[in-house]
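Here is a short note to read beside the model. Please keep the structure open and follow the points in order.

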Amino acid sequence: MTEIQSNSIDTSSCDEFEDVEEQRTLKDEDVLKELRLLRGQVILKDEDVLEELRLLRGQVDDMRIRSEKQERIIARLDPRNGLRKLQSIRNTEEFCNFKLDEDTYSLMMTSKVRSGAWLISLFTSLVFQLGLAGLIGIQFFFSTCGGDLKCDSPFDVPLTNDIYTTIAQLITIILVLATQSDVLSALQTLIILRFRSDVAWDEMIGETGNRSFNMWFMRIFVPNMLKIIQGVAVLFASFLIIVQSSEIIELLKDFTSLLVISEADNIIFYLADMGFLGEHLAMRTAQVKNARMEIRTNNDDENKSCLQRCNVFSARPFLFIVMCSLIVGGWWYVVHGQCSGQFLRNRHENCDEEKSLTYLQLTQFKNGNCDDIFNNALCDWDGGDCTP
């Protein structure tokens with residue numbers, strides 16, 4: 001009898017122990033649910049704070065614009081005092097907002113050296129952009145005029161070209177200048193975030209207080225120099241493809257492939273921002289997108305240099321004009337040599353010795369058809385289109 005009672009007591013105690021364990025499990029699950037809810041609330045609160053900051057920044061900009069409009073109205077109503085007050089406001093501090101570009105070079109700037117984000121950005125620059133552009137340059141060197149670069153026409157361009165391809169080249173140049181802004185933005189970033197005691201470049205890259213030269217060199221100078229080199233390489237490769245083209249379809253194909261190479265840094269940044277490359281890189285892209293700096297220019301401070309007192313953004317149109325002049329000028333030199341027959345005479349000296357051929361006649365040279373005007377030994381039998 002006693003054994004039966006003891007067994008019943010043991011089974012009841014086991015049941016109670018199991019009930020306690022179930023209650024603990026339920027409590028643990030409730031705690032986990034509460035933690036998830038709290039985490040979601042914290043994330044939502046952070047997003048709300050960021051949204052409020054954006055709204056406040058927009059309100060401040062609106063207030064600044066309104067105050068400027070009010071001062072102009074005062075200047076109109078009271079010319080003496082109003083103009084003085086308006087002039088005093090213009091002479092005080094002016095502000096310009098500066099943001100980083102959304103690309104992998106900005107990821108290098110806001111990430112620690114040799115970190116995952118920094119190495120991925122460096123790999124994108126060296127392999128996908130500089131590497132492919134370098135291979136194009138090597139192929140150009142060995143395929144141009146037998147590798148000795150001594151050509152009858154610069155960059156071994158076609159001796160003549162038709163009007164349709166020439167117009168397509170001009171349109172492609174406009175597209176290149178409209179899409180390739182890496183060189184200009186990198187130079188502007190180096191000017192704004194220069195290594196000076198009065199420039200808050202450390203706050204811009206998330207390293208407040210760490211203002212060593214090594215930090216500035218590795219996090220600001222190196223990424224932007226890589227961006228400049230990549231931009232120049234892509235521009236030069238684009239120029240070569242444009243001036244060497246003799247067919248519109250091939251021109252557009254080559255231009256599209258170069259466009260993909262030049263946009264590789266933006267594509268990788270977009271993938272990281274969408275979370276495809278991990279949560280850590282997504283957080284880094286958010287830091288790049290939220291990084292801003294107000295540039296102050298004080299016209300009354302005579303101790304500041306001219307570069308500080310002037311608006312650094314005004315240098316960008318000047319650099320753009322220089323870049324346009326170089327590319328369009330080089331293209332125009334090639335087109336002039338083709339249209340005037342100078343390149344043809346350099347290759348075949350006696351083909352058009354009297355310079356009597358018109359532009360339309362020149363476009364028939366080596367066009368795939370045997371033309372009587374060039375069907376002679378002096379013109380190399382129409383560049384090979386005719387048989388001796």
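1. Start with one term. Two residues are in contact when heavy atoms lie within 4.5 Å of each other. Keep in mind that this model is predicted.

2. Now find Leu 344. Which residues does Leu 344 touch, leaving aside its neighbours within four places in sequence? They are Leu 159, Cys 351, Leu 362, Phe 365 and Phe 374.

3. Step back to the core. The largest nonpolar core holds 32 residues. Leu 344 is among those with the most contacts inside this core, along with Ile 327, Trp 331 and Phe 374. Several helices each give at least two residues to the core. They are helix 5 (163-179), helix 6 (182-192), helix 8 (213-244), helix 9 (248-262), helix 13 (315-340) and helix 14 (342-347).

4. There is a second, separate core. It has 20 residues, including Phe 98, Ala 186, Met 204 and Ala 291. As background, nonpolar side chains tend to be buried together in soluble globular proteins.

5. Next, check the backbone at Arg 114. Its phi is near 70°, a positive value in a residue other than glycine. Arg 114 sits in the loop between helix 3 (104-110) and helix 4 (116-143). Is Arg 114 buried or exposed? Its relative accessible area is 65%. The cut-off for exposed is over 50%, so Arg 114 is exposed.

6. Look also at Asp 380. Phi here is near 55°, again positive in a residue other than glycine. Asp 380 belongs to helix 16 (residues 380-383). With 39% relative accessibility, Asp 380 is partly exposed.

Definitions and conventions. Residues numbered from 1 in each chain as written. Predicted model: local features only at pLDDT ≥ 70, side-chain atom pairs only at ≥ 80, totals over all residues. Heavy atoms only, no water. Core = buried A, V, L, I, M, F, W, Y, C linked by side-chain atoms within 4.5 Å. Buried < 20%, exposed > 50% of the residue type's maximum accessible area, 1.4 Å probe, protein only. Helix = DSSP H or I, 4+ residues; strand = E, 2+ residues; numbered from the N terminus.
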